[in-house]
Amino acid sequence: MATKFENPIVRWIDHRLPIFSFMHHELHEYPTPKNLNYWWNFGSLAGIALVIMLVTGITLAMHYTPHVDHAFNSVERIMRDVNYGWLIRYIHMNGASFFFIVVYIHIFRGLYFGSYKAPRELLWMLGVVIMLLMMATAFMGYVLPWGQMSFWGATVITNLFSAIPVIGESVVTWLWGGFSVDNATLNRFFALHYLLPFVIVGVVVLHLVALHRFGSNNPLGVDVKSPKDQIPFHPYYTIKDAFGLGVFLIVFSAFVFFAPNFLGHPDNYIPADPLVTPAHIVPEWYFLPFYAILRAIPDKLGGVLLMFGSIAVLFILPWLDRSPVRSGQFRPIFKIFFWILVIDVVALTYLGAKPAEGWYVFFSRIATAYYFAHFLVILPLLSVFETPRQLPKSISEPVIGGGGGFAGATAARRENDR
Amino acid sequence: MIARIKTLAAATAVASAMLGAAGPTGPALAAGEAVFEAQDWSFSGVFGTFDRGALQRGLQVYQNVCASCHGLEFVAYRNLDQFGYSEDEIKALAAEKQVMDGPNDDGEMFERPALPSDRFVSPFPNAAAARAANGGAYPPELSLIVDARAGGADYIYGLLVGYTDPPEGVTIPDGMYYNTAFPGNQIAMPPPLYPDGVTYSDNTPATVAQQARDLATFLAWASEPNLEERKRAGVMTILFLLVLTGLLYATKRKIWADVH
């Protein structure tokens, strides 16, 4: 092992503390399926987005004041008087949105290619934990500028816990640290907003440990059969991820520099006022599908349960979809339902932004019912009734052997030819 | 941006139509639509910059008209150097206002002329005083008004030129005014702009539309004084990233050439 490194200092350290061997093994020679398509870029992009959020967030915390009388003003000071403060804040603000975009694409990729199936169930569940932690972090971060939407969003969301029978009201008082959303709430949200990202880092490490146990799933969904199915992570996927990062940064920069407030709400540039309720209290766009589910149910407790249930159902997904075929490419009926689910979630996002009245409520209920039906009814039934197409024998076979007529195989071939 | 305004207007229309259909839940007062049109601004677009003449005139309108009721507390006099004013001009402009400072060595508060480092002096010491002087209506702070309103500068312009007589059948209570751009159409602020209400130092004819444009430009600057720097940095960043990403793509293709 030690002979792997030429530099004597590296060799000396590695002999005693094998971090260089570890990095070489996990980031350089780490064997990876050779047919990963560009949807597989979003995992590493999510990791980079997390780092961007940590770096800009820590910098912002150096200038921010978590106090109801000063929070709004301190954010404006960052925007106007701190050198490049506007840039750091706009990166952080839009970075949250882009972190969610990347993670949502990452999740839907996992859903389509069956990445949650054995032996990657824990990998998937850790991912769901990361998403939950991200949501909590993003929610509390949005409260910190102490604008109107910060304040009223915090009021609405914390009030959800009052739906818990018997102890609900006490729980809410405990969360607030008082009898309304106030300075104590802002302070604890700041503390937790600073803490949770590091918890996310911890779970991401576990996510990666679980990933590297069996390696990446791939678009064909068949297991790696021989070394010729694989290529080393470096340089193949380091360069592919770097290229993907470049594309991501171009789109991200377009928002940061030219439409930094497009994804935000104008009301959050009005300082929080407990005496003035905004006409429509709308959460950030990435919470809208869940918000739509919450409001679709006429009963408060029921709405809260379904909203959390919509994420909880993802935890048990590996046991709901019992089909032995991973990739949606070989599941003709699953494929159709997958795209209906995508449309359903987009519809929920749209409905969550609309006032809860009239037809919007009606369609929210349909879309909510369909969301749960997809996971609890359609997937279990498909596992039994769907006849999957024939799988390729290995990752290499369809590519070398001319494909044998598999749509997925030719797709993979095109991918590799590029 | 235009599309966004249209969407908003459409959403409002749909919402109010549904309210109407739902029955008596609609508000009894004239729940008019807020209508305003998208304008061409020197500061919109990728290469947008603030028209310096409009900024100077807008400042003049703010000082002569708005400043008697509306504060601008996040903007400092020193920020006016972006308008092309010299340091002495800014000092003189700031010194027109008095600020409370102290306590001095005797423990007394004292008034002194404002300095370039001071923020724009607010017309009222606090929100309660502002309400008391304005019949209970609070004149909002203007330093973020463009960012804090859907439609931004288009809305501000639309509001300033949007005063008309109420349509047939709509009555407006005393002390309120009809405005086509204001949500609900009833606004407590009297029409602030009049033809030749200010005399521009650069002799631009001071029509209401001209004053509204200049003021909206000034307030857009007040909301985002770093807009020009941001857009310049954006152009450079994206050009750099395009080149970098192109090179990365070429490298990727070369490295992957042997994978089959």
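**Close-ups of the domain 1–domain 2 interface in chain A**

Between domain 1 of chain A and domain 2 of chain A, the count is 1 salt bridge (a Lys or Arg side-chain nitrogen within 4 Å of an Asp or Glu carboxyl oxygen). This is a predicted model, so to speak: local features need pLDDT of at least 70, side-chain atom pairs count only at pLDDT 80 or more, and totals for chains, interfaces and linings use all residues. Residues are numbered from 1 along each chain as written, chains are lettered from A and ligands numbered from 1 in written order, and side-chain values use heavy atoms, leaving out hydrogens and water.

**View 1. The salt bridge joins K117(A) and D321(A).** Their side chains sit 3.1 Å apart, N to O.

**View 2. Two domains share chain A.** Domain 1 covers 36-217 + 230-275 and domain 2 covers 282-387, with bounds from an automatic or database domain assignment. Their C-alpha centres are 22 Å apart.

**View 3. Domain 1 of chain A meets domain 2 of chain A.** Here 37 residues of domain 1 are in contact (heavy atoms within 4.5 Å) with 33 of domain 2. The two bury about 3,200 Å² between them (accessible area lost on being put together, 1.4 Å probe, summed over both), and 74% of that is on carbon and sulfur atoms. Y112(A), K117(A) and L160(A) supply 21% of the area domain 1 buries against domain 2, more than any other three residues.
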